[in-house]
Amino acid sequence: MLPAAKELYRDLEAELGTDVFFELPLVRSIANRGESNSWLARSGLPAYQGFMDDQPKLGHITTLTHPAFSYGGVLQAGRTDLHSLCKAYRQRVAEQGHLIDTHLDYQDLQIKSAGAVYRDRHYDRIIFCEGWRARYNPWFSYLPHRGAKGEVFLASVEGPSLKRLFKNRIFLVPRQSGNYWIGATTQNQFDHDHPTEAGRQWLQREVEAVVKVPVKVHAHQAAVRPTVKDRRPLLGRHPEYEQLIIFNGLGTKGASLAPLMSQWLFDHLDSHQPLPEEVDISRFYRSRHPMNFE
């Protein structure tokens, strides 16, 4: 997935005039000899060549964090600044007159024999990209949507800045501001998508277990990852209304998956290329009668 992601994000950077993709090595802690043996065995497999580093450079990791048994490196890693990307892209399409900033009311969407009409405007296709809230979409709620809520800290860490991503129980992700994204929790049952006191306490305990220098928390945030029962994305046309399309379920790897998945969906819609079976939503209704929506 990474080559497609790098290509798209570099193109977007050139078009939007802002940096959004940062190539950074990832270092992860290894807790014991058993984990170390497993890491070394996997790194020797041909499929993992060029992706795993048995002797990664640690930089300032040992200055900021408690020591681990050993460390492994993940090559070809990076971070995407989705906030800056969405803000810049939203501004661009607004300037071009292509943005309608409004809440979508499903009741106002009329399905026609060709296309759809929403508040007196005709569309050939409607592509729903609603994240975890797709479970409330009347045309696609039959899909096995799930959600994994996560809470994070935005914080500053006393000491030299890391020049790499670090994973030990939690992620320490350096940002261009000099602060860090730290997290995250995982909660499969939740009532809302707001930060909680339980999440704050869990993050605080993990930070104290990993980081040995003072940490100042500036913000506590929460969001929900759009996960799926079989852990595969949801792409494709509605079984009854082909003008309705879904692009969803990218889970915890959305930034790396989205560029390739969007290319697959574009090729499917534009030139009728079949979607890979593992992401095509038809995998959930091949053996059942499609739902009828009026």
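**Group meeting: a predicted protein model**

Colleagues, I begin with charge: the protein carries 36 positive and 33 negative side chains, and the centres of the two sets lie 7 Å apart. Here Lys and Arg count as positive and Asp and Glu as negative, while His and the chain ends are not counted. Each charge is placed at NZ of Lys, CZ of Arg, CG of Asp or CD of Glu.

The model is predicted, so local features need pLDDT of at least 70 and side-chain atom pairs count only at pLDDT 80 or more, whereas totals for chains, interfaces and linings use all residues. Residues are numbered from 1 along each chain as its sequence is written, and side-chain values use heavy atoms, with hydrogens and water left out.

Now the overall architecture. The protein has 6 helices and 16 strands; these are DSSP runs numbered from the N terminus, with helices being H or I of at least four residues and strands E of at least two. The C-alpha trace spans about 65 × 40 × 40 Å along its principal axes. Of the 294 residues, 40% are buried, where buried means under 20% relative accessible area, exposed over 50%, and partly exposed in between, with a 1.4 Å probe and protein chains only. The exposed surface comes to about 17100 Å², and carbon and sulfur atoms supply 49% of it; the areas come from the Shrake-Rupley method with a 1.4 Å probe, and for residues only the protein chains shown count as cover. Among contacts (heavy atoms within 4.5 Å) between residues at least 6 apart in sequence, 70% join residues at least 24 apart.

Let me turn to the interior. A nonpolar core is a set of buried Ala, Val, Leu, Ile, Met, Phe, Trp, Tyr and Cys residues joined through side-chain atoms within 4.5 Å. The largest has 18 residues, of which L162, F166, L172, Y180, I182 and V211 touch the most other members. At least two residues of this core come from each of α3 (61–64), β10 (148–157), β12 (170–174), β13 (180–183) and α5 (197–210). Setting aside residues up to four places away in sequence, V211 touches L64, T65, H66, V157 and L172. A second, separate core of 16 residues includes A116, Y142, L143 and Y285.

Two residues with polar side-chain contacts follow; such a contact is a pair of N or O atoms within 3.5 Å, where within protein one must be able to donate a hydrogen and the other to accept it, and residues adjacent in sequence count only if both atoms are side-chain atoms. R237 is in strand β15 (residues 234–237), and its side chain reaches the backbone oxygen of E242 at 2.8 Å. Beyond four places in sequence, R237 touches residues including R125, H268 and Y285.

Is H145 buried or exposed? H145 is buried because its relative accessible area is 16%. H145 lies in the loop between β9 (126–128) and β10, and a polar atom of its side chain is 2.8 Å from the backbone oxygen of F140.

Finally, the backbone geometry. A cis peptide bond joins G183 and A184, with omega about 15°, and A184 lies in the loop between β13 and α5. D120, in the loop between β7 (116–118) and β8 (121–123), has a positive phi near 70°; D120 counts as exposed, at 79% relative accessibility. H272, in the segment after α6 (254–271), has a positive phi near 60° and counts as exposed at 64%.
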